[in-house]
Amino acid sequence: MKTSDDLLKIKAAMLYVLSTCGKPLDYIKFYKLLYFAQQLHLVKYGRGIFRDSFYARERGPVPGLIYNIVKKVESGSPLNNDLSGIAAAIKVEKTGSHKYIVNVEDPDTDELSASDIECLDYSIEHYSKLSSNRLSALTHEDRAWQEAKERSLVDPEQNKLS
């Protein structure tokens with residue numbers, strides 16, 4: 001169970017990426033920017049930016065809770081009260097068959113540390129210009145994704161990245 005502080009941090013990280021990029025992001029690019037920032041922060045500082053587990057999906061790692069929130073926003077399904085604040089801060093726009101995530105609130109950067117922002121900015125600067133397909137391919141090179149994907153072939157419930 002996530003604490004209210006955990007949820008505020010997740011919301012801040014999501015909104016920071018969306019607002020800093022300054023344009024709607026497709027699902028793949030959004031999730032991969034979060035993934036690379038989280039990965040860098042773990043390597044440099046020994047902890048993640050936010051508490052959410054990443055899961056191996058066909059197009060690369062996806063943050064589980066954030067993914068579920070975005071899918072609920074897309075479908076218009078209600079979320080419990082704890083997650084409704086995050087859901088209200090974003091919207092999903094559809095253009096043809098493409099879906100994009102847009103922030104409708106600015107991030108509360110007080111929820112993010114200097115090291116959080118450093119790693120989010122690095123991820124945005126180095127990866128936001130790449131296509132979603134290229135980002136997906138880059139994450140497929142990560143050993144953590146490969147191991148989780150292999151485990152999931154035997155047991156689909158074992159797709160959590162270590």
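Reader: In this predicted model, how do helix 1 and helix 4 run relative to each other?

Author: Start with the angle: the axes of helix 1 (residues 4–21) and helix 4 (residues 81–88) come within 10 Å and cross at roughly 15°. Angles under 35 degrees count as roughly parallel. Helix 1 and helix 4 are therefore roughly parallel to each other.

Reader: Which residues of helix 4 make the contact with helix 1?

Author: Helix 1 passes helix 4 in a right-handed crossing. On the helix 1 side, the contact uses Leu 7, Ile 10, Lys 11 and Met 14.

Reader: How many residues in the contact of helix 1 with helix 4 are charged?

Author: Let's sort the contact by class. Five residues are nonpolar and one is polar. That leaves the charged group, which numbers two.

Reader: Are helix 3 and helix 4 roughly parallel or roughly perpendicular to each other?

Author: Here the axes are 10 Å apart and the packing angle is about 70°. The range from 65 to 115 degrees counts as roughly perpendicular. Helix 3 and helix 4 are therefore roughly perpendicular.

Reader: How many nonpolar residues are in the contact of helix 3 with helix 4?

Author: From helix 3 come Leu 65, Ile 69 and Val 73, which meet Leu 83, Ile 86 and Ala 87 in helix 4. The contact has no polar and no charged residues, and its nonpolar count is six.

Reader: Around the axis of helix 4, what arc do the buried residues cover?

Author: The buried residues in helix 4 are Leu 83, Ile 86 and Ala 87. They lie on the same side of helix 4, because they cover an arc of only 100°.

Reader: And what arc holds the buried residues of helix 6?

Author: In helix 6 (residues 132–140), the buried residues are Ser 132, Leu 135, Ser 136, Leu 138 and Thr 139. They line one face of the helix, because seen down its axis they fall within an arc of 160°.

Reader: Which helices are included in what covers the buried residues of helix 6?

Author: Nice follow-up! The cover includes strand 1 (25–26) and strand 3 (60–63). The helices included are helix 2 (27–45), helix 5 (114–127) and helix 7 (143–154).

Reader: Does Lys 72 count as buried, partly exposed or exposed?

Author: Lys 72 lies in helix 3 (residues 64–75). Leaving out residues up to four places away in sequence, Lys 72 touches Ser 77, Pro 78 and Leu 79. With a relative accessibility of 34%, Lys 72 therefore counts as partly exposed.

Technical notes. Residues are numbered from 1 along each chain as its sequence is written. This is a predicted model: local features need pLDDT of at least 70, side-chain atom pairs count only at pLDDT 80 or more; totals for chains, interfaces and linings use all residues. Side-chain values use heavy atoms; hydrogens and water are left out. Axes are lines fitted to C-alpha atoms, for helices over the stretch in contact, and angles run from 0 to 180 degrees between N-to-C directions. Helices (H or I, at least four residues) and strands (E, at least two) are DSSP runs, numbered from the N terminus. Angles under 35 degrees count as roughly parallel, over 145 as roughly antiparallel, 65 to 115 as roughly perpendicular and the rest as oblique. A crossing is left-handed if the near helix is turned anticlockwise from the far one by less than a right angle, and right-handed if clockwise. Contact means heavy atoms within 4.5 Å. Ala, Val, Leu, Ile, Met, Phe, Trp, Tyr, Cys and Pro count as nonpolar, Asp, Glu, Lys and Arg as charged, and the others, Gly among them, as polar. Buried means under 20% relative accessible area, exposed over 50%, partly exposed in between (1.4 Å probe, protein chains only). The arc is that of the directions from the helix axis to the C-beta atoms.
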